[in-house]
Amino acid sequence: MNVTTCHLCASENLIKIIDLGFHPLADFFPKEHQLHELERRYPLSVLLCGECGHAMNSYVVPPETRYQENEYSYDSGNSKVAIQHFADMAQDISNRAGVVSGDLVIDIGSNVGILLSAFKNLGANVLGVEPAGNIADMAEKNGIPTIRNFFNSTACTEILKKGKAKVITTTNAFNHIADLNEFIKCIVSVLHDDGTLVIEVPYFLQLLKRMHFDTIYLEHVSYISLKPLRRLFKKFGLAITHFEENDYMSSSIRIFVGYGPESRELQKQIALEEEAGLFNSKTYEEFSRKIRNCKLALLKDLVNARSKGGKIVAIGAAAKGNTFLNYCGIDTGLIDFVTDASLLKIGKYTPGSHLPIFSDDAIDDSVTHALILPWNIADFLKSKISPKHPKLEFITPNIEG
């Protein structure tokens, strides 16, 4: 569906600011037999609302296609970094929101239940909402009761059977939602009067400042900043009561929303967004020039390594890596395969580039170079692989210039 009005304010004043070409879904990893089928590609470009400043993809793939048509491949429990992050997050939210034993905590887009497991360990009564059937199966095996649905009025009816929520969380999922007004309407219907909504997503300000263009993909329907959200929440009598930035998922922002007073720091942060040119379409001309240069520099490095007889593999079959591979036009002509630790991805292929995905054990002495796709955890991946392959040369995309 082509986007013609803003997801937040319904304005038709939309300006294209970033264009990455046509891409397949970043989180769909085809099996071998699916490589012979027609691969759907969609325009991957970003629009800026001239009225409220919200940024969004120019095309929205139906959520049923994104999460239910095929096996969903992201498992937050597959990463030690994610497990620790969510354990710390549960403790932080419990402290701030005053969660006590027995309080209901809902996680929207709950995946395999890693965050809710941490809340459960703290004594909370937990419930997940997850539309991907294979992922919901894994959550329930992990002991997390899960509503197998999108977060909508039907899911809210199920939630209310348990009561209203003290805390509702949504991590790296709020930016996947097109109808944000309906989403907040549903939140209000199940949130306790003294409850807190906590949203954690990649922060659009840092995407711009650090050139994190690979966090743009079709599953990310919106790119989140505080100025437009303040206006959205105000319509529903809600306020941003606290926010904080962190380094998770290459620069995220954690936003606390409730019926309490607005954060005193909010206006100052919005001023920083404005000063950075986040809401000025001309800002993105320089941004686009920089990402083109990043593409050319990486291709030069890969071609040079290949021309000298090198064998190159990629490390980490991350969704962000698929944006990078497809934007740069990298395929098996330059890279032999990609490795990953997730059993949901091993044995499949990367979308678009069609690199076979193996475990790290597939790296042998014939491999001379390794391109790290999830560059935000490059140090962790190097420390994991280097001891077995001390001569391996790592290539990390120069995303941040």
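Q: Which residue in strand 14 is the bridge partner of V338?
A: Strands count as paired if DSSP finds at least two bridges between them, and the strands and helices are themselves DSSP runs numbered from the N terminus (E, at least two residues, for strands; H or I, at least four, for helices). Here V338 has I357 as its bridge partner in strand 14. Strand 13 (residues 338-339) runs parallel to strand 14, with 2 bridges between them. Before going on: this is a predicted model, in which local features need pLDDT of at least 70 and side-chain atom pairs count only at pLDDT 80 or more, while totals for chains, interfaces and linings use all residues. Numbering starts from 1 along each chain as its sequence is written, and side-chain values use heavy atoms, with hydrogens and water left out.

Q: What order do the strands of the open sheet have?
A: Read across the sheet, the 5 strands go 14-13-12-15-16, with parallel pairing. Strand 14 (357-358) and strand 16 are the edges, each pairing on one side only. Helix 12 (residues 378-385) packs on this sheet and touches strands 12, 15 and 16, where contact means heavy atoms within 4.5 Å. The direction of helix 12 makes about 150° with that of strand 15.

Q: Which faces of strand 11 are covered?
A: In a regular strand the side chains alternate between the two faces of the sheet. Call a residue buried under 20% relative accessible area, exposed over 50% and partly exposed in between (1.4 Å probe, protein chains only). In strand 11 both faces are covered: S252, R254, F256 and G258 are buried on one side, and I253, I255 and V257 on the other.

Q: What pairs with strand 11 in the antiparallel sense over 7 bridges?
A: That's strand 10 (residues 239-246), where E244 stands opposite R254. The hairpin joining strands 10 and 11 has 5 residues between the strands, and M249 there takes a positive phi near 55°. Strand 8 (residues 191-202) also pairs with strand 11, antiparallel over 6 bridges, with V201 bridging to I253.

Q: How far apart are the end C-alpha atoms of helix 10?
A: The expected span is 1.5 Å times one less than the number of residues. Helix 10 (residues 283-307) has 25 residues, so it should span 36 Å, and its end C-alpha atoms are 37 Å apart, which agrees. Its buried residues include Y284, F287, I291, L298 and L302, and among the elements the buried residues pack against are strand 1 (14-23), helix 7 (204-210) and helix 11 (319-328). After helix 10 comes G309, with a positive phi near 90°.

Q: At roughly what angle do the axes of helix 2 and helix 3 cross?
A: Axes are lines fitted to C-alpha atoms, for helices over the stretch in contact, with angles from 0 to 180 degrees between N-to-C directions. Helix 2 (residues 80-97) and helix 3 (residues 114-121) come within 8 Å and cross at roughly 50°. Under 35 degrees is roughly parallel, over 145 roughly antiparallel, 65 to 115 roughly perpendicular and the rest oblique, so these two are oblique to each other. On the helix 2 side, I83, F86, A87, M89, A90, I93 and S94 meet I114, L115, A118 and F119 of helix 3.

Q: Is S225 buried or exposed?
A: S225 is buried, at a relative accessible area of 3%. This residue sits in the loop between strand 9 (222-223) and helix 8 (226-235). Leaving out residues up to four places away in sequence, S225 touches G53, Y203, F204, E273, L278 and F279.
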